[in-house]
Amino acid sequence: MQSILSEFEKRVGEYSNKLLYVFLDIKGNIKTSYTYREFDLRTNSIASYIANNYHLKPGDRVLLAYPAGLEMICAFFACVKLGLIPVPVYPPSAQGFESSIKKMNFIAQDCEAKAILTERSYYWSIKVNLERNNSNESFASMNWIVSDDSMPSGMVSFEPAHSDILFLQYTSGSTNDPKGVIVTHDNLLNNCDNVVDHLPIGVSWLPQYHDMGLIGYYIFFALKGGTTYGFSPSDFILKPSLWLETITKYAATASSAPNFAYEYCLAPGKISEEILQTINLSSLRFLMIAAEPINIEVYQNFLSKFQPLGLKAKSFFAAYGLAEFTLAVSNYGRNFHSFDTNLLKKNEAKVIEKGAPDLNSTGLMSCGKPLGNTQVKIVDPNSKLPTSLKQGQIGEIWIGGKSKCAGYWNRPELSEKYFEAVLDEEHDQKWLRSGDLG
């Protein structure tokens, strides 16, 4: 029975007084921080509070609705210690409240959540907004557990429990209803071993309810003895220089972001020349671009602009992943080519050589090689025979390996279609159909 807690407890023993998490404000000042030991005590306090005041049992789903900060990460680990299944959600705010609250309500109903964990300030904020918007969403009457109310003593007064399901990672729902991806302890531990290649010092402003931020910079680092310096996505938008300044100040070795963030930092006036003169990115070993289509021009321009400030070409690369495979499938992609656009439309990938006559071309970035025990096949979705595709032909990306998640929560037909795909030439392996082309 594998558990992320076993690995985390080893790290607490090894790195008791080492900083685990630091959360910063927009000026770069420390708002909250925990050593490994302090974080363990805090999670015990929350777990004890829940166990002694609410009738929840192992396997119950609990929404985590928190503004950016460390309390959500504490609550996540507290749930795991009790065998509860945490379900991180986007915390609705005044802007776009109606649509985001409906999404939160859908998730609450879909996973049959028994409670909502949050912090005091956000609890009152959402209550006010619900009343202001005359919302009558069903989750409003659920148990709201305010983790701030737990005593800070760290006293353990609960019976530890285990759930094979670690948490539910809901998809964005941008094109259809959100689906809850079932992430197990085994999935996460395997993906962690595949991804983390050094003792990391990370900087992340990524949303904590999303897999790249939550898994990549908060859970993975806790299991590997790392340190994460975090701040909120809104602070990045208001002050993008904070990202690079934090990397510089703490000699960070790892950071990640979608394509838009690199483009944003390159936009005129976003980061002053005065601040650029103070930036040093030479400590980075791992600067990843992922989660969105990668614009080769943005990749090249960012590298060109920041190489004089210490960014090494080998440290800056593209990756590919998806929630259904825990987090990462491939990494360390640094190559790119131009392809004939007209042939791409016909599912053929023909590289346009340098110096060739001008053609309508599309630039594509490599996302590197499959990580660890991950297997990737490019499959003809009609014949389901990878051997029917010749070199240069385009097909659907099918993925196998121990990071493949257990399916979609309460969606047996979709789970069978996407998580248990079988190739016509073999019957003993179940593949994940990504829906992406490669």
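A salt bridge here is a side-chain nitrogen of Lys or Arg within 4 Å of a carboxyl oxygen of Asp or Glu. This is a predicted model, in which local features need pLDDT of at least 70, side-chain atom pairs count only at pLDDT 80 or more, and totals for chains, interfaces and linings use all residues. Residues are numbered from 1 along each chain as its sequence is written, and side-chain values use heavy atoms, with hydrogens and water left out.

**View 1. Salt bridge between Lys-81 and Asp-40.** The N to O distance is 2.6 Å. Lys-81 belongs to helix α3 (residues 71–81) and Asp-40 to helix α2 (residues 36–53), so the pair ties together parts 41 residues apart in sequence. Helices (H or I, at least four residues) and strands (E, at least two) are DSSP runs, numbered from the N terminus. Both Lys-81 and Asp-40 are buried, meaning under 20% relative accessible area, where exposed is over 50% and partly exposed lies in between (1.4 Å probe, protein chains only).

**View 2. Salt bridge between Asp-110 and Arg-411.** The closest N and O atoms are 3.4 Å apart. Asp-110 sits in helix α4 (residues 97–110) and Arg-411 in the loop between β19 (396–400) and α14 (412–419), 301 residues apart. Asp-110 is buried, at a relative accessible area of 14%.

**View 3. Salt bridge between Arg-120 and Asp-149.** Here the closest N and O atoms lie 2.7 Å apart. Arg-120 is in helix α5 (residues 120–132) and Asp-149 in the loop between β6 (143–146) and β7 (165–170), so the pair ties together parts 29 residues apart in sequence. Arg-120 is partly exposed at 29% relative accessible area, and Asp-149 is partly exposed at 33%.
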